[in-house]
Amino acid sequence: MTLLKRMRLWLALVAVRALVAILRRLSRGGGTLPGRVGLALAPELLTTLARRLPRGVVMVTGTNGKTTSAHLLGEILTGAGLAVVRNDSGANLASGLATALAVNRRADVAVLETDEATVPRVAAALRPEVVAVSNFFRDQLDRYGELSTTVDHVRRGLAHVSPSGVAVLNADDPNVANLAAAGRAVYFGLSGPGASAGASGAENADVRRCPACGGVLVYDVCQYAHLGSYVCTACGFRRPPPDLAVAVHPHSDGQELEMAWHGVHWRVPLSLPGRYNAYNAALAALAALTLGVAPDDVARGLAGAGASFGRMEALVWHGVDVRLALVKNPAGFNQVLETVAEDGRPKDAVMLVNDRYADGRDVSWLWDVDFEGLIPRTGIDRIWTGGTRGRDMAVRLKYAGLPAGRVLMVPGPPAAVLAAAVAPEGEAAPGRRLYVLPTYTALLAVRQRLAAEGVVRHFREG
Ligand SMILES: [Zn+2]
C-alpha cells in the first residue's frame with residue numbers, strides 16, 4: 001500500500017469516527033452518513049476494514065428467510081463469545097457497514113443480510129468467508145425479474161467467496177443446490193417425511209424443471225412448496241446429501257429440531273413455528289458450524305433466539321392477544337396461514353396490503369396464495385382488510401369463497417383497520433387471538449403505531 005493510500009484510509013477512518021461521535025451527541029445515532037463520507041474519501045475503506053475481521057464476513061441471501069436466518073446466526077455467534085457486526089435490513093449496505101466496522105474496532109465477524117441483486121457487488125468488495133443461500137422463490141416480478149436472473153446474481157457472487165471460504169447451501173431447493181461455489185460447498189436440509197405435498201403444491205410451478213438440464217424433476221419428499229427431495233428424470237441431478245440434516249417435531253409453542261452433523265446429534269427447542277423457520281435455523285446452524293462454533297453453542301444460541309422483525313411476533317394491544325407476521329409473497333403467505341392453522345384457538349385476522357415500492361407495486365401475487373385451501377383449515381372467523389390495496393385483498397377473499405359477512409373492508413390507514421378489528425362493535429374478545437398480516441410498508445405503519453402507544457413486544461410468549 002502506498003503512503004498516499006495509507007493516509008487516505010487513515011483520514012477516512014478518523015472522519016467516520018468523528019462524524020459518529022458528533023451524530024451521537026445530537027442523538028441521531030450512527031447510520032449511513034459517516035460511512036458514506038468515509039467511502040467518498042477512500043473507496044477501499046470497506047474492503048480494508050472487512051479484511052481485518054478475524055472470522056471474516058458472512059453473507060446471508062435468498063428470497064425468504066434472510067432476516068430471520070441472519071438474526072439467528074447473529075444470536076448464535078454472540079452467544080459463542082464473538083463480537084458480531086450486523087447490518088440493519090434496508091439500510092444502505094455499504095455505507096451502513098463501513099460505519100459499523102469503523103466504529104467497532106474489535107469486531108470478530110460481520111453477518112450481512114444481502115439482497116440477491118447486490119450479492120455480486122458486495123461479495124467482490126468483501127471476499128466473504130461464508131455465503132449462505134436460503135431458497136429461491138418467485139417474488140414480485142416487477143422488482144426482481146425472472147427467477148433465473150436472481151439465481152444468476154447469486155452465482156456470480158459465489159465466485160468471489162474467499163479461497164478458504166465456504167458456500168452454505170439449501171440442499172432441498174434445486175436452484176440453490178445447483179449453485180457451484182469457487183471454494184467448498186456444504187449443504188443443509190430437512191429430513192423425515194414432508195409436511196404437505198398437496199396443500200401448497202401450486203407453488204411448485206416456481207421450480208419443476210431441472211436447473212441442470214431442463215428435464216422434469218420428480219419429488220419423493222416435499223417439505224413445502226418446491227423444497228424437498230428430488231431427482232431429475234433426464235440427467236440424474238438430485239438433492240445432495242446434507243451435511244446438516246434437521247428433523248422437525250412441531251408442537252404448540254414452536255418446534256423441536258433434531259440436528260445431525262457428521263455423526264454428532266443434538267436437539268434444539270425453537271420458539272419460532274413453521275417449517276420455513278426450521279430451514280432458517282438450519283442455515284444459521286450450518287453457517288455457525290462452518291465458522292468453527294461448537295454444536296453446544298449452536299443449540300444454546302438457537303434455543304435463546306426469539307422472532308426477529310415481523311416474523312410472528314406476540315404482543316398484547318388494548319387487551320387483545322395479537323400475533324404479527326409479515327407477508328410478502330405467495331409462499332410466505334401460505335406458510336403463515338399453515339402456522340395459523342396449527343393454532344387451535346378461536347381467532348380473527350387483519351390483512352393489510354399496500355402497493356408501495358417496497359411492497360412491490362403489483363399485487364397480483366395475491367391470486368397465487370392458496371386461500372381456497374388454507375383459510376378453511378385456519379379456523380379464522382372474521383377478516384378485516386385494509387391498506388392501499390385493501391379492496392383487492394377483500395375481492396381475493398371473496399373469490400376464495402368467503403361469505404361477505406366475514407370479510408370487512410376498512411378504509412383509512414392500517415391503524416384504523418387495527419382499531420376496527422380490536423373493538424368490533426364493542427365486542428370483548430376474551431380468549432380470541434388476532435392475527436395481523438401486513439405487507440412490508442403496512443407492517444412499518446403498524447409498528448409505528450404500536451411504538452407510539454408504547455406496546456411491549458413479547459418475543460417468546462407462548
Ligand atoms: Zn436434469
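Two residues are in contact if their C-beta atoms, placed from the backbone, lie within 7 Å. Helices (H or I, at least four residues) and strands (E, at least two) are DSSP runs, numbered from the N terminus.

This is a predicted model: local features need pLDDT of at least 70, side-chain atom pairs count only at pLDDT 80 or more, and totals for chains, interfaces and linings use all residues. Residue numbers start from 1 along each chain as its sequence is written.

**Exercise 1. The chain as a whole**

State how many helices and strands the protein chain has, and what share of its residues is buried.

Solution. Start with the elements: the protein chain has 16 helices and 18 strands. Next, burial. A residue is buried if 20 or more other C-beta atoms lie within 10 Å of its own, exposed if 12 or fewer, and partly exposed in between. By that count, 48% of the 462 residues are buried. Finally, contacts: of those with a separation of 6 or more, 71% join residues 24 or more positions apart.

**Exercise 2. Helix α5 and its partner α2**

Find which residues of α5 are buried, then describe how α2 crosses α5.

Solution. Helix α5 spans residues 93–103, and ten of its eleven residues are buried. They are Leu-93, Ala-94, Ser-95, Gly-96, Leu-97, Ala-98, Thr-99, Ala-100, Leu-101 and Ala-102. These buried residues pack against α1 (3–25), α2 (33–41), α3 (45–51), β2 (84–86), β3 (109–113) and α6.

Now the crossing. Axes are lines fitted to C-alpha atoms, for helices over the stretch in contact, and angles run from 0 to 180 degrees between N-to-C directions. The axes of α2 and α5 come within 7 Å and cross at roughly 95 degrees. That makes α2 roughly perpendicular to α5. Angles under 35 degrees count as roughly parallel, over 145 as roughly antiparallel, 65 to 115 as roughly perpendicular and the rest as oblique.

Last, the residues. From α2 come Pro-34, Gly-35, Arg-36, Gly-38 and Leu-39; from α5 come Ala-94, Ser-95, Gly-96, Leu-97, Ala-98, Thr-99 and Ala-102. Ala, Val, Leu, Ile, Met, Phe, Trp, Tyr, Cys and Pro count as nonpolar, Asp, Glu, Lys and Arg as charged, and the others, Gly among them, as polar. The contact of α2 with α5 then has six nonpolar, five polar and one charged residues.

**Exercise 3. Helix α6 and Leu-126**

Solution. Val-119, Pro-120 and Ala-123 of α6 touch His-153, Val-154, Arg-156 and Gly-157 of α8.

Leu-126 is buried, with 26 other C-beta atoms within 10 Å. Beyond its neighbours within four places in sequence, Leu-126 is in contact with Thr-47, Ala-50 and Val-57. The C-alpha atoms of Leu-126 and Thr-47 are separated by 5.3 Å, yet the two residues are 79 apart along the chain.

**Exercise 4. Helix α12**

Is α12 largely enclosed or open?

Solution. Helix α12 (residues 330–341) has twelve residues. Eleven of the twelve are buried, so α12 is largely enclosed by the rest of the structure. Its buried residues pack against β7 (217–224), α10 (275–290), α13 (371–378), β15 (380–386) and β17 (433–438).

Key:
Expected span 1.5 Å × (residues − 1).
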